[in-house]
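This briefing is intended for a reader meeting the structure for the first time. Please keep the sequence and the model in view while reading.

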Protein chains: 2
Amino acid sequence: MSPPLQSEPTLPDDAGHREASVKRASKGITVTMRDVAKASGFSPATVSIVLNNAPLAQYIAPATKKRIEEAARKLGYRPNAMARFLRSKRTHSVGVMLIDITDPFCTPILRGIENSLYQASYVPILADAHNQKNRFERALEMLLERHVEALIVVANWSFVDIHLLADFNKRNIPVTTIGWDLPGDTTSSVMVDNEAGGRLALEHLYKLGHRKIAFIRGPKMLIDSVPRWKGIQKFANSVNYEIDQNLVMQLPESLDPNSGFDGGFRLTEELLQKRKKFTALMAFDDLTALGAIRALTKAGLKVPEHCSVAGFDDVALSAMSAPSLTTVRQPLETMGNLAVNAVLEGINASQEKRDWTISHQKTSPELVIRESTRAVSLSSSDD
Amino acid sequence: MSPPLQSEPTLPDDAGHREASVKRASKGITVTMRDVAKASGFSPATVSIVLNNAPLAQYIAPATKKRIEEAARKLGYRPNAMARFLRSKRTHSVGVMLIDITDPFCTPILRGIENSLYQASYVPILADAHNQKNRFERALEMLLERHVEALIVVANWSFVDIHLLADFNKRNIPVTTIGWDLPGDTTSSVMVDNEAGGRLALEHLYKLGHRKIAFIRGPKMLIDSVPRWKGIQKFANSVNYEIDQNLVMQLPESLDPNSGFDGGFRLTEELLQKRKKFTALMAFDDLTALGAIRALTKAGLKVPEHCSVAGFDDVALSAMSAPSLTTVRQPLETMGNLAVNAVLEGINASQEKRDWTISHQKTSPELVIRESTRAVSLSSSDD
DNA sequence: CAGGCCGCTTAAAACGATTCAATAAAGGAC
DNA sequence: GTCCTTTATTGAATCGTTTTAAGCGGCCTG
């Protein structure tokens, strides 16, 4: 080590010193970069370069680096994010807008997002739109003020007009939506392949021998409803199975993502009243399926003995319900990860002043077979 | 209005002008306060005072205010939060640390937190500790760097050592925990009154006539376990009901908040193997109860016909499971609100350089009677 | 020995707001 | 006419970083 410029003993960071510095920090005096500069005997510029391992750091003498790093550690220096951001224009934060956080669908996605952001040293700023336009708007406003570097919208069950995202495009802030697809080339998206999912579910029921299958379709306005149904139809066509329109119901529009349960319950009761026999029921999502099961049970029908039921999503509770639910799993956590990757790519590109590609990713659904479906029984198949 | 200093026509903000300004903003040029100053013909200082309605604003001429506000609106001025925070030392953000986000318990709490913060114009910065100490630590570090004004820890199912919060106290940053109680006067807390809850549940079963009641207690390390059990014991004592220790099981320690389901399943199977008859089972929480129901069902026992089951928490799925779960509801969303109130009070106090009171709030649980419990039947009560 | 280069370090100017002390004009009192 | 108040506004310092261009010895080279 070079000659001691300070009166600091050359002892390898003894406990006494560390104690002292802790005490100093505890006084509430915020340790600034200047303090580290003074303590180490170098200038703030050098300190910044070393601590950030900036390009210029390659020219800094190793001994210098060591001294600075040690000083920083001793003083318990923590860079002030605000100051840094002001200068560098980078907040290292990403807005995460949940259309409605109460949807159990959101939880795994959120974990995926948080996790990927954490790996990349980004921080999520959360906003919950309560499925209301004005909240959505004001929350966006707040995120813009905070200069989030990107935005992820978890638009699971959404009737919110998402065209409000224009401001983000204007400012070149990358946006990715999950579970919603804004056509065009302004916004990336991550969605499950709904068509494949619909197909998987029906294929499963069909292979179990079911030929009298009831359907509860999703609300018209929900973007998932159409492709999911299309997948069902395509499979039906491919095996020459004719869907009985009398057994097709549709959930009403609703702002509440948990309304599927009630909807499934009521629509199933309606189905039962029709006295049109069915041996299986395919629901729009898991909550709807649970509602359906409830209605069936109430009517004295056992699942799966008298009627198989399949859901969609594989939310956490599907594995725990009784009977556990056969369903089409969306890789939710992965979708969170993918969305983060997409925005990070956007951020990097935007940093380097180049365009980034808008991607519309589709993830593969996976059939999860549990207890709520089984092969059609002899007693119920004849009618 | 005073004589037109600028060449701006006195037309009441015509569409043409607004159009133009939009265009300007859309060029990606960030509108700064200086721009507003120039456009309005006043100095940045005045602009700041007006736009923030600072104390000095009382001396500003109404006409001036109007001109400045109009200019700001026209230019689409949005204050730069980072710059503001650097100077004013206020970030208007609160760290929200979730010990494990996958716990369905968290969702309503999170909604409560977000909502209350939103009302107060604060923003939540989310962190998920995955129930791991090192993640907890690093996340705290990130929150400190970002100078969050307060911290809320949702410590539902936690084996993390929470004493890491010391840094926050040193810096006078208010901390409130939800579902965890750090004794002493450094950290506020919001918890459900577990003792009352335990009492409510047992009282319910007892009044239904159950006298052979099995219990699945929570893991030892979980702070809720003890008072919940105490409430049970107290009620038992008060009615001279003797708890059969052979019917008392305890969940093992586990880092996974969703492990209660498996645990409940296994322990219930163990109970059944004992061939010791019971007509009701009281589970530590809802997931445990669902696991228990599954085990009972598997053994051919019907719930509630052969055995009543009660849970605790009232997470979202409890209402949707079959049979729906009788449980003790925690007012989760409210608890989120309360935690926010607590930290806001702390922030205000800290701002005014006065001490704030550390509160340990207990919220009242509420018995929610659903299908999984019913009066003891004659067939099962005699043994 | 002038000039260039190398290796290491730093002075100083941002970044975009807030805020204090200062100023200026206008009126009122003496 | 001077001084004080009140009203209205602003210059300039400041917050804690990052970053650019420059500085400074000393060594090498022609």
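Lys89(A) lies in the loop that runs between helix H5 and strand E1 (93-98) of chain A; helices (H or I, at least four residues) and strands (E, at least two) are DSSP runs, numbered from the N terminus. The phi angle of Lys89(A) is near 65 degrees, a positive value in a residue other than glycine. The model is predicted: local features need pLDDT of at least 70, side-chain atom pairs count only at pLDDT 80 or more, and totals for chains, interfaces and linings use all residues. Residues are numbered from 1 along each chain as its sequence is written, while chains are lettered from A and ligands numbered from 1 in the order in which they are written.

**Cis peptide bonds in chain A**

- Val303(A) and Pro304(A) are joined by a cis peptide bond with omega of about 5 degrees.
- Pro304(A) is found in the loop between H12 and strand E9 (308-310) of chain A.
- A cis peptide bond also leads from Ala322(A) to Pro323(A), with omega near -5 degrees.
- Pro323(A) is found in the loop between E9 and strand E10 (327-329) of chain A.

**Contact between chains A and B**

- Chain A gives 43 residues to the contact and chain B gives 42 residues, where two residues are in contact if their C-beta atoms, placed from the backbone, lie within 7 Å.
- On the side of chain A that touches chain B, at least two residues each come from helix H1 (15-26), helix H5 (81-88), helix H6 (106-119), strand E2 (123-128), helix H7 (133-145) and helix H12 (286-298).
- The residues of that side of chain A divide into 24 nonpolar, 10 polar and 9 charged; Ala, Val, Leu, Ile, Met, Phe, Trp, Tyr, Cys and Pro count as nonpolar, Asp, Glu, Lys and Arg as charged, and the others, Gly among them, as polar.
- Chain A is superposed on chain B by a rotation of 180 degrees with 0.1 Å of shift along its axis, at an RMSD of 0.2 Å.
- That is the relation of a two-fold axis; copies are superposed by least squares on the C-alpha atoms of residues with pLDDT of at least 70 in both.
- The copies meet through the same surface, because 98% of the interface residues of chain A are also interface residues in chain B.

**Surfaces near the DNA strands**

- Around DNA strand D there are 31 residues, of which Met33(A), Ala45(A), Ser48(A), Ala83(A) and Ala45(B) come nearest; a residue is near a molecule or strand if its C-beta atom, placed from the backbone, lies within 6 Å of it.
- At least two residues of the surface near DNA strand D come from each of helix H2 (33-40), helix H3 (44-52) and H5 of chain A, and from each of helix H3 (44-52) and helix H5 (81-88) of chain B.
- The surface near DNA strand D has 18 nonpolar, 9 polar and 4 charged residues.
- DNA strand C is surrounded by 29 residues, and Thr32(B), Met33(B), Ala45(B), Ser48(B) and Ala83(B) are the closest.
- H3 and H5 of chain A, together with H3 and H5 of chain B, each supply at least two residues of the surface near DNA strand C.
- The surface near DNA strand C has 17 nonpolar, 9 polar and 3 charged residues.

**Helix packing in chain A**

- The axes of H2(A) and H3(A) come within 8 Å and cross at roughly 105 degrees; axes are lines fitted to C-alpha atoms, for helices over the stretch in contact, and angles run from 0 to 180 degrees between N-to-C directions.
- H2(A) is thus roughly perpendicular to H3(A), since angles of 65 to 115 degrees count as roughly perpendicular, under 35 as roughly parallel, over 145 as roughly antiparallel and the rest as oblique.
- In this contact, Met33(A), Arg34(A), Val36(A), Ala37(A) and Ser40(A) of H2(A) meet Pro44(A), Val47(A) and Ser48(A) of H3(A).
- Helix H11 (residues 259-273) of chain A packs with H12(A) at an angle of about 45 degrees, their axes being 6 Å apart.
- H11(A) and H12(A) are therefore oblique to each other.

**Helix packing in chain B**

- Helix H9 (residues 194-207) and helix H10 (residues 225-238) of chain B have axes that come within 6 Å and cross at roughly 45 degrees.
- H9(B) and H10(B) are therefore oblique to each other.
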